[in-house]
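Have a look at the picture and the sequence below before reading on.

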Amino acid sequence: RMAAGTAQRAALTALSTAVMVGLGRTFGNLMVEVAANNAKLDVRRRRIVQRITAADEEKASRALDAAAGDVRLAVLLVHGDAADAARARLDRHGGRLRPALAERLAECRPS
């Protein structure tokens, strides 16, 4: 049997996950809106960028620095967007990384 606190925690986790997915703050099973309040979260953001882009540690760190810590923006920077173009692309897609990245990758494919 689950204790009441455990059941409540599971329900709240499911709810918050559904909200984050609905708001477009996830990319697959990765949370792409991570506020880096400490070194551990800085490392997590870099690893998320690396996982999505297959960039090495140095390239992911440079992109995050250029993106002022925004994982979504950093992913687009790694894929060759300029910062202003990446921001505009994210704005067009309501801040959602998946469609913004799909658009960017489609531009890179030969016709």
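## Starting from one buried threonine

You'll find Thr 53 in helix 2. Helices here are DSSP runs of H or I with at least four residues, strands are runs of E with at least two, and both are numbered from the N terminus.

Before going further, a word on where this comes from: this is a predicted model, where local features need pLDDT of at least 70, side-chain atom pairs count only at pLDDT 80 or more, and totals for chains, interfaces and linings use all residues. Residues are numbered from 1 along each chain as its sequence is written, and side-chain values use heavy atoms, with hydrogens and water left out.

Which residues does Thr 53 touch, not counting residues up to four places away in sequence? They are Val 75, Val 78 and His 79, where contact means heavy atoms within 4.5 Å. Take Val 75: 22 residues separate Thr 53 from Val 75 in sequence, yet their C-alpha atoms are 6.5 Å apart in space.

## The whole protein

Now zoom out. The protein contains six helices and two strands, and along the sequence they come in the order α-β-β-α-α-α-α-α. Its C-alpha trace spans about 55 × 30 × 20 Å along the principal axes. Of the 111 residues, 32% are buried. The protein exposes about 7,000 Å², with 53% of that supplied by carbon and sulfur atoms; these areas come from the Shrake-Rupley method with a 1.4 Å probe, and for residues only the protein chains shown count as cover. If you take the contacts between residues at least 6 apart in sequence, 30% of them join residues at least 24 apart.

## How the helices pack

Axes are lines fitted to C-alpha atoms, for helices over the stretch in contact, and angles run from 0 to 180 degrees between N-to-C directions.

| Helix pair | Axis separation | Crossing angle |
|---|---|---|
| Helix 2 (residues 39-53) and helix 4 (residues 71-78) | 10 Å | about 40° |
| Helix 3 and helix 4 | within 8 Å | roughly 120° |
| Helix 5 (residues 83-92) and helix 6 (residues 97-108) | within 8 Å | roughly 125° |

Start with helix 2 and helix 4, which pack at an angle of about 40°. That angle makes helix 2 oblique to helix 4; angles under 35 degrees count as roughly parallel, over 145 as roughly antiparallel, 65 to 115 as roughly perpendicular and the rest as oblique. From helix 2, Arg 45, Ile 48, Val 49, Ile 52 and Thr 53 meet Val 71, Ala 74, Val 75 and Val 78 of helix 4. Sorted by class, this contact has seven nonpolar residues, one polar and one charged. Ala, Val, Leu, Ile, Met, Phe, Trp, Tyr, Cys and Pro count as nonpolar, Asp, Glu, Lys and Arg as charged, and the others, Gly among them, as polar.

Helix 4 has another partner. The axes of helix 3 and helix 4 cross at roughly 120°, which makes helix 3 oblique to helix 4. Here Lys 59, Ala 63, Leu 64 and Ala 66 of helix 3 meet Val 71, Ala 74, Leu 77 and Val 78 of helix 4. This contact divides into seven nonpolar residues, no polar and one charged.

Then there's helix 5 with helix 6, crossing at roughly 125°. These two helices are therefore oblique to each other as well. Helix 5 brings Arg 89, Leu 90 and Arg 92 to the contact, and helix 6 brings Leu 97, Ala 100, Glu 103, Arg 104 and Glu 107. What classes do these residues fall into? Three are nonpolar, none is polar and five are charged.

## Two alanines in loops

Most residues other than glycine have a negative phi. Ala 54 has a positive one, near 65°, and sits in the loop between helix 2 and helix 3 (57-66). Ala 54 is exposed, at a relative accessible area of 70%. Ala 68 has a positive phi too, near 55°, and lies in the loop between helix 3 and helix 4. With 74% relative accessibility, Ala 68 is exposed.

Ala 83 belongs to helix 5. Is Ala 83 buried or partly exposed? Its relative accessibility is 25%, so Ala 83 counts as partly exposed. Leaving aside neighbours within four places in sequence, Ala 83 is in contact with Leu 73 and Leu 77.

Definitions and conventions:
Buried means under 20% relative accessible area, exposed over 50%, partly exposed in between (1.4 Å probe, protein chains only).
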